[in-house]
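Here is a friendly walk through one protein model, strand by strand and side chain by side chain. Please keep the viewer open as you read.

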Amino acid sequence: MLQPAGLLALERINCRADVEALGSRIARFRGWTAPDWRQLVEVEYGALPGGLYGLGTGLFTAASPDKLVRWKS
């Protein structure tokens, strides 16, 4: 999962659109511990200003060598 800061970093190296094409927007997520299922985190991006969201994607799939060469130029 990519957080908004990671998406901004991808934008700076001109590859955000390529990575976003492979993923799905995440508006809200929650996480729990095991085995007692205590909730650790809850993030609702819609409650934050700026239209922020996370992205569920296979970043390493998106970062194939041919794309990395193109992104660097």
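R30 stands opposite E42, a residue of strand β3. The two strands concerned, β2 (residues 28-32) and β3 (residues 39-44), run antiparallel and are joined over 5 bridges; strands are taken to pair if DSSP finds at least two bridges between them. Helices (H or I, at least four residues) and strands (E, at least two) are DSSP runs, numbered from the N terminus. Between β2 and β3 the hairpin has 6 residues, and W37 there takes a positive phi near 55°.

A word on the source: this is a predicted model, in which local features need pLDDT of at least 70 and side-chain atom pairs count only at pLDDT 80 or more, while totals for chains, interfaces and linings use all residues. Residues are numbered from 1 along each chain as its sequence is written, and side-chain values use heavy atoms, with hydrogens and water left out.

**Salt bridges**

How many salt bridges does a search of the whole structure find? The search gives 4, where a salt bridge is a side-chain nitrogen of Lys or Arg within 4 Å of a carboxyl oxygen of Asp or Glu.

| E20 | R16 | 2.9 Å |

For accessibility, buried means under 20% relative accessible area, exposed over 50%, and partly exposed in between (1.4 Å probe, protein chains only). E42 is partly exposed at 40%, and R28 is partly exposed at 44%. D36 and R38 are both exposed.

E20 and R16 sit in helix α2 (residues 16-20), 4 residues apart, about one turn of the helix. An α-helix has 3.6 residues a turn, so residues three or four places apart point the same way. R16 is buried, at 18% relative accessible area, whereas E20 is partly exposed at 23%. E11 joins R16 and E20 in a network of salt bridges.

**Helix α1**

Which residues of helix α1 (residues 4-12) are buried? They are P4, L7 and L10. Viewed down the axis of α1, these buried residues fall within an arc of 115°, so they line one face of the helix; the arc is that of the directions from the helix axis to the C-beta atoms. After α1 comes N14, with a positive phi near 65°.

**Rings and a buried threonine**

The count of aromatic pairs comes to 1. The rings of F29 and Y45 have centres 6.4 Å apart and planes at 45°, so the pair is tilted. Rings of Phe, Tyr and Trp (its six-membered ring) pair if their centres lie within 6.5 Å; planes under 30 degrees apart count as stacked, over 60 as edge-to-face and the rest as tilted. Y45 is buried, at 3% relative accessible area.

R25 lies over the face of Y53, 3.7 Å from the ring centre; the rule asks for NZ of Lys or CZ of Arg within 6 Å of the ring centre and within 35 degrees of the ring normal.

Finally, T57 is found in the loop between β4 (54-56) and α3 (59-62). T57 is buried at 18%. Neighbours within four places in sequence aside, T57 is in contact (heavy atoms within 4.5 Å) with L2, V19, L22 and G23.
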